Amino acid sequence: MESIVFGIGITALAGALATVAGAAENTESDIGSQGDPNSQVQLAPQMGYLHRIFNKAIAGEPPAWGLWIALGAGIAWAFMAMQVNPILAIVLGAALATFVQGVYATTAYLGRTASLAKFGQPVFVDVLKSMTTVTMAHAFVAIFATVTVCHLMNAALGHPFPLPLLGLVWGIALGAAGSATGNPFYGKERQYQNQKYGAGVPIAASGNIVRYAEAGERNSLDNGWFSARLGGPASGVCFGLIVFLELWRTVLFEHIAAGWGAIIIGIIIILVFMVIDRYIEVWARKNYGPYGKPAEEASS
Amino acid sequence: MTVKVEKIEGGIPHNTIMVAGLIASVVLVYLTYANVLTGTQYFAFFGGLATVAALVWGSHTIKHLCSYGIGTGVPSAGMMAFGSGVIAMLFATKYGIAAPIVAVILAAVVGAILGYVANNVLNMKIPVMIVSLVEMAVIGALVLMGYAAMMSGSFELSALTTGSVSILGLSLPSYQASFLGGALIATAFMLGGIAIQHPFNACLGPSWTQDRMLYLAAECGFLSMIAAAIMSMPLISMGAALVSLFVAVIGWYYTYAKYIELSKRDAFSWLDSKPIPEVEGQ
């Protein structure tokens, strides 16, 4: 009983850390225009829309985050193997992984922009300096939180995988959660605020992303500000729930039917979420669905 | 059916890069055998240099393959290389001193099978697919072997599965504290997998230039080597790990500076705190 209570405590802590990680991850990738919104940022100069948006194309989010977290976990593992205190080891691992992330971000922006020379897109050094540091800060938070989650699983819950392997698995999960949940807030909404709401992206509007702000020219920090409000927390809730429910079912039901209990509960959770998702989808389509004929003018 | 949309103009031909990359990486992996001959671990850094050579070759292979219009497949090509290479690499470590050669041959076989499946079963019909996947698998195997040799001092299975833990001053052999037992191979996999696809992924576009991409490939290789050098600290002697770290930092700094210089050369303009330039017709 005591071990289950302890396990639930660790589960709650890991879920909370994962929520922070998800929120930071999504804000980081939106400031860098990583993931699917990247295609429009890349396309815009080719359509004649020069911009000051950061273009940090380092693979997709899941592989890139697989590397950052696996690297943070690998270095933390190495320091722990040298008898360094785990918290210090995780901080060092996250710091070094953040350094690698920052170097990748600068080379990606320089490479992509230099290859667009034909269309007259300049390299903005101030964009490089100010955005890279902000993405690095968010990346540090996300890496530190996720590596800590992995360490809690390994050390407190006795997960059989070594830390770097857990880092790889959860890093890919983190990238996938941020990519799937948070990106629409940036890629489908923020980049196209000048289009009719809910109109999708017509071919003619491809690359015509919003480039001017309330005052002056929009940069990626404005996009980070926007997506930190809804996209970030949504990604955080997504990744937090993934980690929490995964650990919760394992801690509580692992001992039923020689481990099959946890698997059955996992399948039930998936079914419950399918029902919820379907309900939300139908509800949203009914309320915000495709544009029909305007029913009637409210006034006049 | 795909049509070749971009072609490589000028620069070093792909075959030259391939032959140079293959020879350099195999020779450099073998140079780590000097550890066994001399009884030290100071030659482990040659493993890291082998990965840099293989990654430079690999980035150009991806460019070669992706010039057939595979735009979104660039990052997955890196994963593919390492996924097929890791099988050959792990199997080959059983063969002692012959391991690098066995890894190359086995990886080529795995790559050829995958290429056949991709082209003839999945009907991708890309002319360079089989050759490229053979190259990618060989590169994946050599890079992983390079990291293994760099982090554990040797490319033999016994060295990859035994580390040592010191408890109260006593050094005890441990599977948990080894390259495979600690799953450092998972980190090595991602270090190589991102480093191999990043150069082309970052430099693609109409104004692509070969030298800029190859410098970026070397930069990514040295950057991964810095991380690998730090992770090698508990597995090999601290002196040897510091030698690796020193070599990696020097190489990284040189290639990074060179890459920025080449980006400056290729960029349309290099502006600091300037507004978006006016374009005619808007």
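The following paragraphs go through the contact between chain B and chain A, and then the division of chain A into domains.

This is a predicted model, in which local features need pLDDT of at least 70 and side-chain atom pairs count only at pLDDT 80 or more, while totals for chains, interfaces and linings use all residues. Residues are numbered from 1 along each chain as its sequence is written, chains are lettered from A in the order in which they are written, and side-chain values use heavy atoms, with hydrogens and water left out.

Between the chains, 59 residues of chain B are in contact with 56 residues of chain A, contact meaning heavy atoms within 4.5 Å. The two chains bury about 4,400 Å² between them, with 70% of that on carbon and sulfur atoms; buried area is the accessible area (1.4 Å probe) that two parts lose on being put together, summed over both. On the chain B side, B:Met190, B:Leu223 and B:Ile276 supply 14% of the area buried against chain A, more than any other three residues.

Polar features also cross this interface. There are 19 residue pairs in polar contact, both residues at pLDDT 80 or more. A polar contact is a pair of N or O atoms within 3.5 Å; within protein, one must be able to donate a hydrogen and the other to accept it, and residues adjacent in sequence count only if both atoms are side-chain atoms. One salt bridge is found, the criterion being a side-chain nitrogen of Lys or Arg within 4 Å of a carboxyl oxygen of Asp or Glu. B:Asp272 and A:Lys129 form this bridge, at 3.9 Å from N to O. Among the elements of chain B that touch chain A, α8(B) gives the most, with twelve residues; helices (H or I, at least four residues) and strands (E, at least two) are DSSP runs, numbered from the N terminus.

Within chain A, domain 1 covers 2-197 + 211-253 and domain 2 covers 259-287, with bounds from an automatic or database domain assignment. Their centres, taken over C-alpha atoms, are 26 Å apart. Six residues of domain 1 are in contact with seven of domain 2, and the two domains bury about 510 Å², 81% of it on carbon and sulfur atoms. In domain 1, A:Leu245, A:Arg249 and A:Phe253 lose the most area to domain 2, together 81% of what that side buries. Between these domains there are zero salt bridges and two residue pairs in polar contact.
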